[in-house]
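These are my notebook entries on one protein model.

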Amino acid sequence: MICSKCGGVIPDGQNVCPNCGNQISIDNNVNKQHQVTYQNVYVQKQAPENIPGKGEAVASMVLGIVGLVFLITTLWYISLLIGIVGLILAIVSNNKGFSGGMKTAGLVMNIITLVLSGIVFLACTACVAALGSTDYSSLFIPLV
């Protein structure tokens with residue numbers, strides 16, 4: 001049975017609540033037990049709380065996706081900047097105590113974006129350096 005005053009469980013055969021001392025009659029006890037059960041079915045859910053760091057985790061994950069898209073479309077210099085910002089947001093989310101899949105996904109995608117952007121940057125720099133050191137004067141025919 002359930003106490004109508006405090007909601008505590010009353011063992012069968014007892015007329016007094018062990019939690020609050022409320023006296024319960026046997027006839028009213030059965031009705032109140034059904035009434036309390038009926039009321040608990042229709043409890044409204046509360047709005048979710050504002051979880052610290054969740055917004056930064058979502059932003060980090062979105063920036064990780066956007067950074068990879070920019071890297072695929074050969075805009076590696078933009079993806080490098082996006083990767084840095086996304087990595088900072090993932091770290092801020094971690095420092096605020098958020099531990100979820102979005103933070104982890106954002107962190108991983110931003111690290112991948114940064115590494116691949118760095119590789120593309122080094123490859124472009126090497127290509128420009130190689131082209132700049134080549135002597136192309138032998139390819140031109142002198143006009144005089």
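**Entry 1: helix α3**

The 20 residues of α3 should span 28 Å at 1.5 Å a residue, and the end C-alpha atoms are 28 Å apart, so the two values agree. I took helices as DSSP runs of H or I with at least four residues, and strands as runs of E with at least two, both numbered from the N terminus.

The model is predicted: local features need pLDDT of at least 70, side-chain atom pairs count only at pLDDT 80 or more, and totals for chains, interfaces and linings use all residues. Residues are numbered from 1 along each chain as its sequence is written, and side-chain values use heavy atoms, with hydrogens and water left out.

Next I listed the buried residues of α3. Buried means under 20% relative accessible area, exposed means over 50%, and partly exposed lies in between, with a 1.4 Å probe and protein chains only. In α3 the buried residues are Trp76, Ser79, Ile82, Gly83, Gly86, Ala90 and Ser93. They cover an arc of only 110 degrees around the axis, so they lie on the same side of α3. The arc is that of the directions from the helix axis to the C-beta atoms. Leu81 and Asn95 are exposed on the face of α3 turned away from its buried side. After α3 comes Gly97, with a positive phi near 95 degrees.

Ser93 belongs to helix α3 and counts as buried because its relative accessibility is 0%. The C-alpha atoms of Ser93 and Lys103 are separated by 7.0 Å, although these residues are 10 residues apart along the chain. Gly83 is also found in helix α3, and its relative accessibility of 0% makes it buried.

**Entry 2: helix α2**

I repeated the length check on helix α2 (residues 54–72). Its 19 residues should span 27 Å at 1.5 Å a residue, and its end C-alpha atoms are 27 Å apart, which agrees. Buried in α2 are Glu56, Ala57, Ser60, Gly64, Gly67 and Leu71. Seen down the axis of α2, these buried residues fall within an arc of 100 degrees, so they line one face of the helix. The face turned away from the buried side of α2 carries the exposed residues Gly55 and Ile72. Thr74 follows α2 and has a positive phi, near 60 degrees.

**Entry 3: the salt bridge**

How many salt bridges does a search of the whole structure find? The search finds one. I counted a salt bridge where a side-chain nitrogen of Lys or Arg is within 4 Å of a carboxyl oxygen of Asp or Glu. Lys96 forms the salt bridge with Glu56, and the closest N and O atoms are 2.7 Å apart. The pair links distant parts of the chain: Lys96 is in the loop between α3 (76–95) and α4, Glu56 is in helix α2, and they are 40 residues apart. Lys96 is partly exposed, with a relative accessible area of 45%, whereas Glu56, at 18% relative accessibility, counts as buried.

**Entry 4: cysteines**

I then searched for disulfides. A disulfide is a covalent bond between the sulfur atoms of two cysteines. My criterion was a pair of cysteine sulfur atoms within 2.5 Å. The search of the whole structure finds zero disulfides. Cys3 is in no disulfide, and the nearest cysteine sulfur, that of Cys20, is 3.7 Å away. Cys3 counts as buried, at 2% relative accessibility. For Cys124, the closest cysteine sulfur is in Cys127, 6.4 Å away, which is too far for a bond. Cys124 is partly exposed, at 33% relative accessibility.

**Entry 5: the whole protein**

I ended with the overall pattern. Of its 144 residues, 21% count as buried.

Methods
Expected span 1.5 Å × (residues − 1).
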